[in-house]
Amino acid sequence: TKSPYQPQLELAKDAALKAGEIIRSYCSHGTGRSSKNVTVKSGVDLVTEADTRVEKMITGLIKDSFPNDLIIGEEDQADSPNGGQGDPFPTESCWCVDPIDGTTNFVHNYPFVAVSIGYMEGGIPRVGVIYNPFTDSMYEAAEGGGAFLNGKQITIDSDASSIEDCLLVNNIGHYRYEDFVEESAERVKKWLKAGLRGYRASGSAAQNLAHVASGQVSCYYEHGYGGPWDVCAGMVLVKEAGGVVWDARGSETDLEMKFGKGSVCAGGRAVVTDVLKVAGQPTFEFS
Ligand code: IPD
């Protein structure tokens, strides 16, 4: 079935491929970190010349085709006076753009790097494109049209029903508050003691959601992802591939894409339920 959001999907794919060319140009074989003009946003959170360049390019393409739509871009938000924190969530036509999700990976030449372009209407994610320029993997979905990896339809890992047959990817992100670190480590212990089959961390929220959608991992958990730009596109992919995207407190309602304070648990309904049951509710509150 063709989705009514086909025009937005086509634009997002075109923009993601163009972004990929720019990103790859910073990473020719043997180039170290120095060529990337890295700046520290805060703590261990990084931004590079490529993030800014790619975001400007994608934003320009969206504005050419959809001049009235809102755009929330990770780096643009970071420059805004309040860093995007606490902005009211828009209900009009709105794009969520992460030019490079996995910036730290990009800086270190670790290939879990993704361009993430999501489109929402009425506060609901409708289109999601996630492109990894190093593996040349194009994940795409538009509401009602199914999810695809390089043109082939994908589905979640429906064989995973509990922690014992779950390959879990759990990013711990860039927060380093003591209580947060303690709670994150305790949670990992609980999963391992419950017999979790495999534990991974990738450094890219968007890549994780794409991997969930395509059944390449069974479940993705993160308490404290960056912002809507990290998850908007991936939410469409996971849902169109037959999965659920809840928050880490197990809310079955649509994930609220909080700015810098959100949590996410995505995968098949059964495995997500078990992963959350073992983890218990997160208590750390982001101020
Ligand atoms: C980050 C990555 C990371 C996740 C963080 C995000 P960025 O985004 O997705 O995997 O753990 O929560 O902020 O800064 O690389 O675009």
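Let's start at the ligand: strands β4 (94-101) and β12 (219-225) each supply at least two residues of the shell around it. Here helices (H or I, at least four residues) and strands (E, at least two) are DSSP runs, numbered from the N terminus. Keep in mind that this is a predicted model, in which local features need pLDDT of at least 70, side-chain atom pairs count only at pLDDT 80 or more, and totals for chains, interfaces and linings use all residues. Residues are numbered from 1 along each chain as its sequence is written.

**Around the ligand**

Of the 15 residues around the ligand, Asn 171, Gly 173, Ala 205, Tyr 225 and Gly 226 come nearest. A residue is near a molecule or strand if its C-beta atom, placed from the backbone, lies within 6 Å of it. The shell divides into two nonpolar, eight polar and five charged residues. For these classes, Ala, Val, Leu, Ile, Met, Phe, Trp, Tyr, Cys and Pro count as nonpolar, Asp, Glu, Lys and Arg as charged, and the others, Gly among them, as polar.

**Two domains**

The protein is divided into domain 1 (6-153) and domain 2 (163-279), with bounds that come from an automatic or database domain assignment. The contact between them takes 42 residues from domain 1 and 28 residues from domain 2; two residues are in contact if their C-beta atoms, placed from the backbone, lie within 7 Å. On the side of domain 1 that touches domain 2, β6 gives the most, with eight residues. That side divides into 20 nonpolar, 15 polar and seven charged residues. The ligand shell, too, draws at least three residues from each domain.

**Two helix pairs**

Now for the helices. Axes are lines fitted to C-alpha atoms, for helices over the stretch in contact, and angles run from 0 to 180 degrees between N-to-C directions.

| Helix pair | Angle | Axis distance |
|---|---|---|
| α1 (6-25) and α2 (49-65) | about 155° | 10 Å apart |
| α6 (205-213) and α7 (228-240) | roughly 0° | within 8 Å |

Angles under 35 degrees count as roughly parallel, over 145 as roughly antiparallel, 65 to 115 as roughly perpendicular and the rest as oblique. Therefore α1 and α2 are roughly antiparallel. Their contact has eleven nonpolar, one polar and two charged residues; Leu 11 and Ala 15 are among those α1 brings, while α2 brings residues including Ala 50 and Arg 53.
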